[in-house]
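User: I am new to reading protein models. Please take me through some features one by one.

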Amino acid sequence: MERYVYMDYAATTPVKKEVLEEMMPYFTEKYGNPSSIYRIGRESRAAIDEARERVAKIIEAKPKEIYFTSGGSESDNWAIKGVAFANRDKGNHIITSKIEHHAVLHACEYLEKHGFEVTYLDVDEYGIVDLEQLKNAITDKTILITIMFANNEIGTIQPIQEIGKIAREKGVYFHTDAVQAIGNVEIDVNKLNIDLLSMSAHKFYGPKGVGVLYIREGVKIHPYIHGGAQEKNRRAGTENVAGIVGLAKALELAYENLEEHNKKLVYLRDKLIKEVTNKIDYVRVNGHPEKRLPGNVNFSIEFVEGEALLLSLDMMGIAASSGSACTSGSLDPSHVLLAIGLPHEIAHGSLRFTLGDFNTEEDVDYVVESLVKIVERLREMSPLYENVKEGK
Ligand SMILES: *Cc1c(COP(=O)(O)O)cnc(C)c1O
């Protein structure tokens, strides 16, 4: 096995060299606790303050609206539970969609066990939420709308500005899980009327275990982790200084090269889609044709199991992901693919490739070539496919 092709950038990304370089001193000589008053403590504090400014600048926020967390899951949980419990006197209703990440869905399910009501909006065949259904779902008890910016499985980008406008007009807080969108899409929290936004560094070439929750000034929210006075008394715990510095650097790099990065990924993505759909029959491309993340490809390949595809790809040195949740030991197909209307058996044969900065055209060629062989071999074992081919 010579080639190794990583096409699972939506799962995580490698840390860029420049990012690691900026982080390194904070593990060793600059190890002071940011809450300490002596010099090396103050230096850590200054690094965090500076990172907060760097992050704020990119999404047009104020530095004091940026809170560092342990990642996307924590930011989502904090936003949803924190707003829910702080606004209980106003109402107990939350609106989300059926295709959210589990960090959002499971936080909402938890709240349902504690007296809250949640509406899960449908999406169309491309994975886009229905704005009319959203408007109709809002009641005088609605306190929060939480809808993801871009979907992690099928890459669909939501009409965030319109959703933000609806929320603002109705006086309802709007949170968006932007974990997949950050580093791929320009985000201005003011233009888009976003009140809370989650991000995670390891999805944009930063380190794992560090993220941000943007909280617009004035939003009523409870603290999530109780303890020391860090993050303005709202998120206790000694700060992950190196991680925070790495997050800021990775975010800056992502937006410095945004246009170039997107152009390259769209080219590779479209090439992969074109060649696979040309060379393999009974393939469908899931997600929206235009309103999708630059690096996301999601196929449903009929008459094969997603799991079998993944194992065969792995043997050929290709890292991809299944559209179904089988990898986590469950046989249920992905809630996202079911929500866009795929039947169970087709959802089971789904495959996600997410491209990133280190992919090349040769990677795409190798994936296409390998996939054609694998699908051919797996289908030889499928009586159903033989029947279809023979027109039975
Ligand atoms: C990865 C991901 C998360 C979780 O982020 P972590 O930092 O891994 O906790 C949340 N939402 C979406 C859309 C994601 O892709």
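User: Is Val285 buried, exposed or partly exposed, and what is its relative accessibility?
Analyst: Start with the cut-offs. Buried means under 20% relative accessible area, exposed means over 50%, and partly exposed lies in between (1.4 Å probe, protein chains only). At 29% relative accessibility, Val285 counts as partly exposed. Note that this is a predicted model: local features need pLDDT of at least 70, side-chain atom pairs count only at pLDDT 80 or more, and totals for chains, interfaces and linings use all residues. Residues are numbered from 1 along each chain as its sequence is written, and side-chain values use heavy atoms, with hydrogens and water left out.

User: Where does Val285 lie?
Analyst: Helices (H or I, at least four residues) and strands (E, at least two) are DSSP runs, numbered from the N terminus. Val285 lies in strand S9, residues 283-285.

User: Which residues does Val285 touch?
Analyst: Contact means heavy atoms within 4.5 Å. Leave out residues up to four places away in sequence, and Val285 touches Ile273, Thr277, Arg292, Asn298 and Phe299. Val285 and Ser36 are 249 residues apart, and their C-alpha atoms are separated by 54 Å.

User: Is Ser44 buried or exposed?
Analyst: Apply the accessibility cut-off. Ser44 is buried because its relative accessibility is 1%. Ser44 sits in helix H2, residues 39-59. Beyond residues up to four places away in sequence, Ser44 touches Lys30, Tyr31, Gly32, Pro34 and Val241.

User: What about Arg269: is it buried or exposed?
Analyst: Arg269 has 6% relative accessibility, so it counts as buried. Its place is helix H9, residues 258-279. Setting aside neighbours within four places in sequence, Arg269 is in contact with Arg292, Leu293, Pro294, Asn296, Val297 and Leu355.

User: How many salt bridges are there?
Analyst: Get the rule first. A salt bridge is a side-chain nitrogen of Lys or Arg within 4 Å of a carboxyl oxygen of Asp or Glu. By this rule the count is 26 salt bridges.

User: What parts does the pair Glu217 and Lys64 tie together?
Analyst: The side chains of Glu217 and Lys64 meet in a salt bridge of 3.0 Å, N to O. Glu217 lies in the loop between S8 and helix H7 (230-233), and Lys64 in the loop between H2 and strand S2 (66-69), so the pair ties together parts that are 153 residues apart in sequence. Glu217 is partly exposed at 43% relative accessibility. Lys64 is partly exposed too, with a relative accessible area of 44%.

User: Which residues form the nonpolar patch with Val15?
Analyst: Patches are made of residues with over 30% relative accessible area and no salt bridge: like charges are joined within 9 Å, nonpolar side chains (Val, Leu, Ile, Met, Phe, Trp, Tyr) within 5 Å. Accessible areas come from the Shrake-Rupley method with a 1.4 Å probe, and for residues only the protein chains shown count as cover. Val15, Leu20, Met24 and Phe27 form this surface patch, with about 370 Å² of accessible area together. Val15 lies in the loop between strand S1 (5-6) and helix H1 (17-23). Val15 is partly exposed, with a relative accessible area of 35%.

User: Which residues form a negative surface patch?
Analyst: Lys and Arg count as positive and Asp and Glu as negative, while His and the chain ends are not counted. The place of a charge is taken as NZ of Lys, CZ of Arg, CG of Asp or CD of Glu. Here Glu60, Glu186, Glu259 and Glu260 form the negative patch. Glu186 is exposed, with a relative accessible area of 59%.
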